[in-house]
Amino acid sequence: MNVEPATPSPAEDASPAAPSRDAAAPGTADSASAGPSTGPSAATSGTDRSTPADRLVTTEHSIDLPGGPLRYRAVTGTVVLREEPEGGEYGRASAYAEMFSVSYLARPADGADGADGTVADAARPVVFAFNGGPGASTVWLHLGVLGPRRVVAGDAGSPVGPPWGLVDNPETLLRDADLVMVDAMTTGYSRPVPGAKHDRHHGLTADRDLIASFVVDWLTRHDRWSSPVHLAGESYGTTRAAAVAARLFERYWVAVAGIALISPVLDFGTLEFTAGNDRPFVHYLPTYAAIAHAHGKHEGRLLQDVVDEAEAFAEQEYPALLAAGLRLGPEQVAEAAARIGALIGVDPDWVEQADLRVEHMAFLAELLRDQGLVTGRIDGRFTAPAGDRNAAQMETDPSIDQLAPAYTGALNQYLATELGYRDDVVYEIMAGRVHPWSYQDFEGRSVEVATDLSRLLRRSPHTRVLVSHGYHDAATPFHASEHVLAHLQVPREVAEQRIRVEYYEAGHMMYCHEPSRLALSEHLADLVRGPVGA
């Protein structure tokens, strides 16, 4: 990768102290600038947060692709969002959030910007990406699959140790779209302005509104209102993506061109183990079977054959067995336990003691108990030694334990040395401070955004969706997502023509598995290039 000296963009030179605004009325003549351009060395002293201000660094880069070099500009740092108070005087906006992001803007092959100083064609797609948690920064999508640089973290059975580094990513989505990696409130370097409530945006609705405001603000700052807008979310980020897409349409009349739902959760009722809710037991079973296959419990069989058998059982026999409850006789219970045990690779007696209902944290502790190992939740292919070999549930997730240090080290080094941005606060990779996360608008009912997605697809005829599932993902099981997608309130032709579903032989972060990373990269590129099937 080549890094050129930082140079100010025309937009950044325009107004040294023009902060962002909450662009409640898109198209209003307010030329909010991105603030002054700052070289990498100067950025180290620009982190005084006592006064809200944009703090941005611009750097120029290039990576080599098979078709020639890809030149791009990176704009890194925090921008101030402003809002008009409810019932207050119009035009008197006050700062409320400092949002951190890294924007990658492709440049023409000859390196010449447009006559108006713009970096790229205004019609070029732009993808806004975020992870989930809640509380996760966007480091995972950023350095795992989307960005022009990616971390070398290894995979199940071969995690990479320090020193952790980055390599060029020839499959970066920047080939086909400009990228904006934004961190939700309290993650990364995103923080409320001084004096603002620290937990105001720690909830589904407030978080949705904040990210939607950020998107609108970015489009205004960069003169990109003509660009096809895409959202890419992972895990809870898919919950966010569906909600934000609906908010953008209904509040700002921004119709997103595409939504990438990576390891989706659109209805929490399908995967939360709560009293009286048997749905998660049904939806997790095919994932258990896939993980069992990864650990040799279905020797000689293809993964797809195992998954097909497990899904057939989960959809046909299993719900009736659970619904029967105490009406099942001892022989029926034993027969059902034997069938389930064979599918998911555990002792039928253990299944029977669980009343035929296998909770996921218990399964991950049980599957390889005889080997003294626990299995990963984010990715069931990962294992680690058990601390307490008699524990009812796994104590920690080996997949996160083995991947997070590489992402953390590489990200912090990358921001400081290649992108030239430093801050006095900690970059929050995963922030526990966002909890408790508020779902106050869903009291008495399941938290779900499938209704938002359905409504958007009915109203916006050009919005397309890519859904990406990892077979070994025990955080957001693929069968739960299949169930939700099958019950979207849209015409059949919308589901068939505008929703694409893909599967990968990996887990939640399927891009840590090299064949899956390559496949996902191509599927994401297909989404931003044009309609499904084009």
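View 1. S235 stands opposite P264 in β13. The model is predicted: local features need pLDDT of at least 70, side-chain atom pairs count only at pLDDT 80 or more, and totals for chains, interfaces and linings use all residues. Residues are numbered from 1 along each chain as its sequence is written, and side-chain values use heavy atoms, with hydrogens and water left out. Strand β12 (residues 229-235) pairs with β13 in the parallel sense, over six bridges. Strands pair here if DSSP finds at least two bridges between them. Strands (E, at least two residues) and helices (H or I, at least four) are DSSP runs, numbered from the N terminus. Strand β13 covers residues 258-264, and seven of its seven residues are buried. Buried means under 20% relative accessible area, exposed over 50%, and partly exposed in between (1.4 Å probe, protein chains only).

**View 2. The largest pocket.** S235 returns here, with G133, P134, R377 and A475, among the lining residues nearest the pocket centre. The lining numbers 29 residues. The volume of this pocket is about 690 Å³. By class, 16 lining residues are nonpolar, 10 polar and three charged. Ala, Val, Leu, Ile, Met, Phe, Trp, Tyr, Cys and Pro count as nonpolar, Asp, Glu, Lys and Arg as charged, and the others, Gly among them, as polar. Pockets and cavities are found on a 1 Å grid over the protein atoms alone. A pocket is an open set of points with protein on both sides within 12 Å along at least five of seven lines; in a cavity, a 1.4 Å probe fits but cannot get out. Lining residues have an atom within 4 Å of a point. Grid points are joined across faces, edges and corners, and a volume is the space filled by probe spheres set on the points.

**View 3. The largest cavity.** The structure holds five cavities of 30 Å³ or more. The largest contains about 80 Å³ of space. Its lining has 11 residues; L56, V79, S101, W218 and H222 lie nearest the centre. Six of the lining residues are nonpolar, three polar and two charged. Helix α4 gives the most, with four residues.

**View 4. R221 in helix α4.** R221 is found in α4. This arginine is buried, at 7% relative accessible area. Its side chain makes a polar contact with the side chain of D217 at 2.5 Å. A second polar contact, at 3.3 Å, joins the R221 side chain to that of D54. A polar contact is a pair of N or O atoms within 3.5 Å; within protein, one must be able to donate a hydrogen and the other to accept it, and residues adjacent in sequence count only if both atoms are side-chain atoms.

**View 5. Strand β4 and its partners.** In β4, 11 of 13 residues are buried. β3 and β4 run antiparallel, joined by 12 bridges. V75 stands opposite S103 of β4. Strand β10 (residues 178-182) is also antiparallel to β4, with four bridges. There, Y104 faces L179. Two bridges join β4 to strand β11 (residues 191-192), again antiparallel. E98 has R191 of β11 as its bridge partner.

**View 6. The loop between β3 and β4.** R92 is found in this loop. R92 is exposed, with a relative accessible area of 57%. The C-alpha atoms of R92 and R82 are separated by 9.4 Å, 10 residues apart along the chain.

**View 7. Aromatic pairs.** The structure holds 20 aromatic pairs. The ring centres of F100 and Y421 are 5.3 Å apart and the planes at 50 degrees, so the pair is tilted. F100 lies in strand β4 and Y421 in the loop between α12 (398-417) and α13 (450-459), so the pair ties together parts that are 321 residues apart in sequence. Both F100 and Y421 are buried. The rings of F273 and F281 have centres 5.0 Å apart and planes at 65 degrees, so this pair is edge-to-face. Rings of Phe, Tyr and Trp (its six-membered ring) pair if their centres lie within 6.5 Å; planes under 30 degrees apart count as stacked, over 60 as edge-to-face and the rest as tilted. F273 is partly exposed, at 22% relative accessible area. F281 counts as buried, at 12%. F273, F281, Y284, Y288 and F363 form one aromatic cluster.
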